[in-house]
Amino acid sequence: MRPVLASLIFVFSLAVASANDASFDAAPAKPVSFKFQKKAPAAPAADDRLWITVKASGAESRETIVNTGISLEEISSDEVSGVGNARMAERLKSLGIKFKAVPLTQRFHMQDFPAEDAAFHNYARLTSDLQGLVAQSNGLASLFSIGRGWAGDKDIWCLRLNSSAHGVEKSDRPAIVYMGTHHAREHLSTEVPLLLAKYLIENRAKPEIASLLAKRDVYFIPMVNPDGAEYDIATGQYRMHRKNVRANDGGSVGVDLNRNYGYHWGEGGSSAEPDSDIYHGPSAFSEPETQAIKKFIEDRLDTMKVVLTFHSFSELILYPWGHKNGPIDDTRAQTAYETMAKTMAQWNGYTPEHSSDLYIASGDTTDWAWGAHKIFAFTFELTPKSMWDGGFYPGAGAISSTFAANLKPALYLLDLADDPYRAAGGNLSSSNVKSTLTANGGR
Ligand SMILES: [Zn+2]
């Protein structure tokens, strides 16, 4: 290994352990400056996380890796990469697993908050834009808070499109909810549901859209984790923050909200260690953000039919189960899930699969929505496909194209929200989606 490279990359295996241990152990953690905000958690003194890459193929070997506490973020057929720390790297080593590790802050050239990314919505802009959408909607849209994030000063906003019921008023119409930004750094996942709401409001007079909106109760929660999203950009640099901002014992920040849901909580693919990026929290639904989603869904159980939760990245369409291998045991529902996922994949070009085909992950939104309430639930991992194409920070140029790619899938689920099992029957009765899709041309 060349000396210059050796300062950045540390390759381990049992065979070469002794030569590299010293350099690994001596790896300096790059200090990060933090700006404190009101009620913000104590920040760690330094970001000592590592970007760890391991040769691995198949869900089983990926599961071994994720169970060391590493959050897998990039998966190809023969290699995975993700965020961990020195302790997790030691676990890989003790398992005899070869890997590469670089300090996270070096792997991601933490740039100043870039002017070209100003199109992304921070919390303040999201709030004012949501209020603006309500104002321009002529009575179609309403806005309400479903709770607040961990810091207690930011609302988790829910925008509703329903001309006959506003705010938290009851409605008999079949309901769907689109969510974004459970994970702080996945800012693109706020933009897509926000643009979808904007699209529906601006096109509400078009017959095919008007027809859909007249029959549905449509909800958008574009920023489930407002504190985390703000924390990620609060220093003027992207911080690669995934979790919320709970101040953990030991000084680490945050619980992984997408491991905190209460269906098979705390099982495989989540971590009990607070400094893990996949820390599942002290108990199921321990966090105000997941409590807010739980209450929001459970207040609408009689009508809520579909959940679509946007994440990034990898270009995937995921559906239950995540906490265990194999299909759900309701074959009709399984057929509906597969049909829906494959149909949507034709439009956005993403890969449809069981969540656990990637690796086991417990406590996520979709397992809970389906497992606890039999609500059809999908996770979309948005653009890009890989870290090399921008990863969590693909740039503002990705916003409109990613929205365009996912418009058809989003409208398709909206149409199916009266009875998602229709997908299993193979006869989509509504012509709304088809005509809308033709009109908008997809990507
Ligand atoms: Zn995510």
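Which residues of helix H8 (residues 207-215) are buried? They are Glu208, Ile209, Leu212 and Leu213. These four cover an arc of only 125° around the axis, which puts them on the same side of H8. The arc is taken from the directions that lead from the helix axis to the C-beta atoms. On the other side of H8, Pro207 and Ala214 are exposed. Here a residue counts as buried if 20 or more other C-beta atoms lie within 10 Å of its own, exposed if 12 or fewer, and partly exposed in between, with C-beta atoms placed from the backbone. A general rule sits behind this pattern: an α-helix has 3.6 residues a turn, so residues three or four places apart point the same way.

The model is predicted: local features need pLDDT of at least 70, side-chain atom pairs count only at pLDDT 80 or more, and totals for chains, interfaces and linings use all residues. Residue numbers start from 1 along each chain as its sequence is written.

Now the whole chain. The protein chain holds 16 helices and 13 strands. Helices (H or I, at least four residues) and strands (E, at least two) are DSSP runs, numbered from the N terminus. Of the 443 residues in the protein chain, 51% are buried. Among contacts between residues at least 6 apart in sequence, 73% join residues at least 24 apart. A contact requires C-beta atoms, placed from the backbone, within 7 Å.

Next, the sheet. Eight strands form an open sheet in the order E6-E7-E9-E8-E10-E13-E11-E12, and the pairing is mixed. Strand E6 (141-148) and strand E12 (351-354) stand at the edges with a single partner strand each, so one side of each is left without a neighbour in the sheet. From one strand to the next, the twist averages 20°. Two strands pair if DSSP finds at least two bridges between them.

E6 and E7 run antiparallel and are joined by six bridges. Ser142 has Arg160 as its bridge partner in E7. The hairpin of E6 and E7 has six residues between the strands, and Gly152 there takes a positive phi near 90°. E7 is mostly covered, with six of its seven residues buried. Helix H6 (residues 123-136) lies across E6 and strand E7 (155-161), running at about 145° to E6. Such angles run from 0 to 180 degrees between N-to-C directions, and axes are lines fitted to C-alpha atoms, for helices over the stretch in contact.

E7 pairs with E9 in the antiparallel sense over three bridges. Leu159 has Phe220 as its bridge partner in E9. Met179 stands opposite Thr309 in E10. E10 and E13 run parallel too, with seven bridges. Thr309 stands opposite Thr379 in E13.

What is the cover on E10? Nine of its nine residues are buried. Helix H13 (residues 365-373) lies across strand E10 (304-312), strand E11 (316-319) and strand E13 (376-382), at about 170° to E13.

Val306 is found in strand E10. Val306 is buried because 22 other C-beta atoms lie within 10 Å. Not counting residues up to four places away in sequence, Val306 touches Ile176, Ile375, Phe376, Leu413, Leu416, Ala417 and Pro420. Val306 and Pro174 are 132 residues apart in sequence, yet 8.9 Å apart in space, C-alpha to C-alpha.

Last, the core. In soluble globular proteins, nonpolar side chains tend to be buried together. A nonpolar core is a set of buried Ala, Val, Leu, Ile, Met, Phe, Trp, Tyr and Cys residues joined through C-beta atoms within 7 Å. The largest one has 115 residues, of which Ile176, Val177, Ile221, Val306, Leu308 and Leu413 touch the most other members. Helix H14 (residues 397-416) gives this core its largest share, ten residues. At least three residues come from each of domain 1 (3-107) and domain 2 (116-440). These domain bounds come from an automatic or database domain assignment. Leaving aside neighbours within four places in sequence, Ile221 is in contact with Ile146, Ile156, Cys158, Val177 and Met179.

Methods: Contact = placed C-beta atoms within 7 Å.
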